[in-house]
2 protein chains.
Amino acid sequence: MKVSTRGRYALRTLLDLAEHKNNGFISLKEIAHRQNISKLYLEQLVSLLSASNILRANRGKQGGYMLAKEPSQCTVGQILRLTEGNLMPVSCLDDEVNQCERAEFCKTLSLWTGLGKVINDYLDNVTLQDILDQKQSGDNYVI
Amino acid sequence: MKVSTRGRYALRTLLDLAEHKNNGFISLKEIAHRQNISKLYLEQLVSLLSASNILRANRGKQGGYMLAKEPSQCTVGQILRLTEGNLMPVSCLDDEVNQCERAEFCKTLSLWTGLGKVINDYLDNVTLQDILDQKQSGDNYVI
DNA sequence: GCAAAAACATACTTATTTACTAGGTATTAA
DNA sequence: TTAATACCTAGTAAATAAGTATGTTTTTGC
């Protein structure tokens with residue numbers, strides 16, 4: 001039940017971009033240095049994020065990345081689902097492929113469904129801006 | 001962010017004991033057969049649970065296990081913490097040993113703290129009895 | 001008292017995942 | 001045209017997950 005470095009580093013990377021959103025394109029080299037993360041590893045994580053429209057990239061010299069949306073429009077839930085995959089606590093709830101044959105009579109399934117809901121609800125209600133501000137946000141809270 | 005078989009199997013085992021709590025000591029052989037789980041593997045999981053006072057064991061012929069408390073007094077949070085370890089989503093929050101040097105200025109730490117609280121709160125408010133009944137329980141719910 | 005059945009214990013194993021590293025190609029600005 | 005960047009694919013070492021294997025100890029029924 002741990003978030004891997006994929007999710008944690010991706011979040012810190014996007015948070016870094018949010019903090020420097022007025023500085024144009026930011027290179028991974030700069031982020032890697034600032035966040036003390038391997039640049040080569042970061043490249044892979046960023047490619048997971050590029051699947052969605054959360055990032056804008058510019059190749060070539062002076063290139064880099066910037067957020068494609070306002071930090072207040074980027075939720076942690078969205079970021080973690082891209083890097084960690086489905087945030088459901090058991091794979092039975094990921095998709096139909098992973099459904100086990102016990103599903104129809106499994107007494108624990110509703111527990112896991114409820115836990116997944118609680119996790120997704122919390123993470124979908126925290127944005128990058130909330131984290132930068134460390135302020136309240138709807139029903140949920142940071143700090 | 002998945003619960004491993006340790007936590008899932010342990011929960012199903014204790015649920016099985018709760019369902020048969022009037023049948024005296026239940027052997028792992030019986031549970032393993034009913035739940036379709038390796039008995040040898042179950043033995044290891046049960047030894048994790050025996051650390052706490054959630055189980056009563058009897059060795060020897062006709063031996064087995066029974067719950068040491070009422071199903072309504074066994075929370076899923078307690079069970080999962082014994083088998084999955086700390087339910088905090090990042091190891092920085094497990095204990096002092098795992099604190100990283102970024103802790104004092106890390107902007108994401110409060111997010112993870114909040115997520116950990118939401119997870120623990122949910123799981124500490126569902127008991128084995130709730131799952132057997134598939135009913136509401138305080139603020140949280142099953143189904 | 002002895003055999004069977006159970007818990008309890010320790011070591012081993014196999015597959016998967018994690019967290020990278022290595023080495024390259026394509027693109028763009030100065 | 002060169003340097004700096006994004007982008008791509010494959011490899012790798014360590015850790016973890018999910019079990020097996022092989023015992024020892026304890027208890028009950030005959």
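A residue is near a strand if its C-beta atom, placed from the backbone, lies within 6 Å of that strand. The model is predicted.

Start with the surface near DNA strand C. Helix H3(B) gives the most to this surface, with four residues. Other elements join in. H1 and H3 (39-49) of chain A each supply at least two residues, and so do H2 (28-35), H3 (39-49) and strand E2 (64-67) of chain B. In total, 26 residues lie around DNA strand C. Which of them come nearest? They are Ser4(A), Ser38(A), Gly60(A), Ser27(B) and Ala57(B). By type, the surface near DNA strand C divides into 13 polar, seven charged and six nonpolar residues.

Now look at chain A by itself. Chain A has six helices and two strands. From the N terminus, the order is α-α-α-β-β-α-α-α. The C-alpha trace of chain A spans about 60 × 35 × 25 Å along its principal axes. Chain A has 143 residues, and 31% of them count as buried. Take the contacts in chain A between residues at least 6 apart in sequence: 56% of these join residues at least 24 apart.

Next, turn to where the two chains meet. Here 30 residues of chain A are in contact with 30 residues of chain B. On the chain A side, helices H1 (5-19), H4 (76-84) and H5 (109-124) each give two or more residues. H5(A) provides the largest share, eight residues. What kinds of residue make up this side of chain A? There are 19 nonpolar, six polar and five charged.

Terms used
Residues numbered from 1 in each chain as written. Chains lettered and ligands numbered in written order. Predicted model: local features only at pLDDT ≥ 70, side-chain atom pairs only at ≥ 80, totals over all residues. Contact = placed C-beta atoms within 7 Å. Nonpolar A, V, L, I, M, F, W, Y, C, P; charged D, E, K, R; others polar. Buried ≥ 20, exposed ≤ 12 C-beta atoms within 10 Å, placed from the backbone.
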